[in-house]
Protein chains: 2
Amino acid sequence: MSHRFFVEGDTLAPEQCRQIATVLRLAPGAVVTLVRDGVELDYRLDRVGRDEVTGTVVARRPAAGEPRVALTLALPLLRGDRSEEVIEATTQLGVSRFAPYTSARSVVRELSAAKRGRWLRIAREAAETARRGRIPLIDELRDWPALLAALPAPLIVPWEEAREPTLESALREALGRASGPPAPAAPPAPAAPPATVALSLVIGPEGGIAAEEIALARGRGARTVTLGLRTLRAETAAIAAVARAIAALE
Amino acid sequence: MSHRFFVEGDTLAPEQCRQIATVLRLAPGAVVTLVRDGVELDYRLDRVGRDEVTGTVVARRPAAGEPRVALTLALPLLRGDRSEEVIEATTQLGVSRFAPYTSARSVVRELSAAKRGRWLRIAREAAETARRGRIPLIDELRDWPALLAALPAPLIVPWEEAREPTLESALREALGRASGPPAPAAPPAPAAPPATVALSLVIGPEGGIAAEEIALARGRGARTVTLGLRTLRAETAAIAAVARAIAALE
């Protein structure tokens, strides 16, 4: 499999040129993949220098690894490197946008510029590893009311006090998908790719989401769901919920 | 929620006594929960000493947090602390047994006694956090043929070269569950809890599973499945597969 580079425009960034010339040691004639905005370009290298690499686009296709669902993950600031762990795993699984937030019971309350920079780098590398077609966006830090105002509907909130419905039932209700196989008499699916659907998942902080916060979220149409009978740490809940939501929708 | 302690027999271990007396500083009359073999006991403390804590069982019930499926996760030795990350998350999600292994493309090939001890401690703490009724077992290290011989059927192997079926379809086929809601004319479910079902999931190492190894596994009845269109790191694949399998079966 060829090396992949996320680019803006049609040219490689200086650090990508250095990687091609001095780390990967690719020669003219080698083909790498440039990825931009959901499109993959096969790029045959013409000249390889430490500061500039030029080449020719020889093929172009949509990136197969982009999910059909545009999933926004509202992520609390977690202790230690737990947030990084979630960003890495859920970018591989297919999250499109991260919305970091603080709420009443948040333990960590600041997102430094250095930390946000690290998050962006982890998201970029995970998107490359996973062969995604886009790098997820990372929003600025918000408080709970601002978060609720910013998230695309439908909003699904796994909450440890919820006894029902399951994440999958709530998704079926919110997005109107049938649970069983299609009826035999259904017309054939249209040839065009299905339209992208939006979804926001809100994961609570270590201390949980307060009842007043849940009430505010419900007032904005959020649905609380259960992830099962066991108590999950925030980072496990995030990875599990994203894996299940994407599997249900893809 | 009361403090939980996994015990063997009806007595607390010395380090649990020390924790109760000197860390939690509980007084006689306080009630803790002892957990043993899928059963929870409410235990009222009678005497609290640094070396011995005694008490009385005042209630007894099945542990609600134990999953219906007995899931064995075959886990390669991963670099750094990635295996620990998987053990922590998937114990919370409900794995019953870990079967560590090495295969042709494994990078890490030894499981030291110290590392296995650390795994056991992480599994125990994660089972307490998640309010499980049992601590998962951790097998000794095996090679690929010995692993295949030791795993309970059915065996499901997420493999990056598989294009179909999905994990969920393979589970439905292997365990004979219908995908849709039950038919209206179905008889009411029996009052007894449903029988436990067994399932083994095999996650490949960083370098992937070799084609010969897949052939050997298929010869033993294993089914290869896809987890989706994106390339997942081994630890993300493990957590996602366990979350999806338990959600599908519970």
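This is a predicted model: local features need pLDDT of at least 70, side-chain atom pairs count only at pLDDT 80 or more; totals for chains, interfaces and linings use all residues.
## Contacts along chain A

Two residues are in contact if their C-beta atoms, placed from the backbone, lie within 7 Å. Residues 24 or more positions apart account for 77% of them.

## Chain A at a glance

Chain A has 250 residues, and 38% of them count as buried. The chain holds seven helices and 11 strands. Its C-alpha trace spans about 60 × 55 × 30 Å along the principal axes.

Where do the two domains of chain A touch? Seven residues of domain 1 are in contact with seven residues of domain 2. On the domain 1 side, strand E1 (4-6) and strand E3 (39-48) of chain A each supply at least two residues. By class, that side has three nonpolar, one polar and three charged residues.

## Where chain A meets chain B

How many residues does each chain give to the contact? Chain A gives 29 residues, and chain B gives 29 residues. The largest share comes from H7(A), with seven residues.

What classes of residue make up the side of chain A that touches chain B? This side has 12 nonpolar, nine polar and eight charged residues.

Definitions and conventions:
Residues are numbered from 1 along each chain as its sequence is written. Chains are lettered from A and ligands numbered from 1 in the order in which they are written. Helices (H or I, at least four residues) and strands (E, at least two) are DSSP runs, numbered from the N terminus. A residue is buried if 20 or more other C-beta atoms lie within 10 Å of its own, exposed if 12 or fewer, and partly exposed in between; C-beta atoms are placed from the backbone. Ala, Val, Leu, Ile, Met, Phe, Trp, Tyr, Cys and Pro count as nonpolar, Asp, Glu, Lys and Arg as charged, and the others, Gly among them, as polar.
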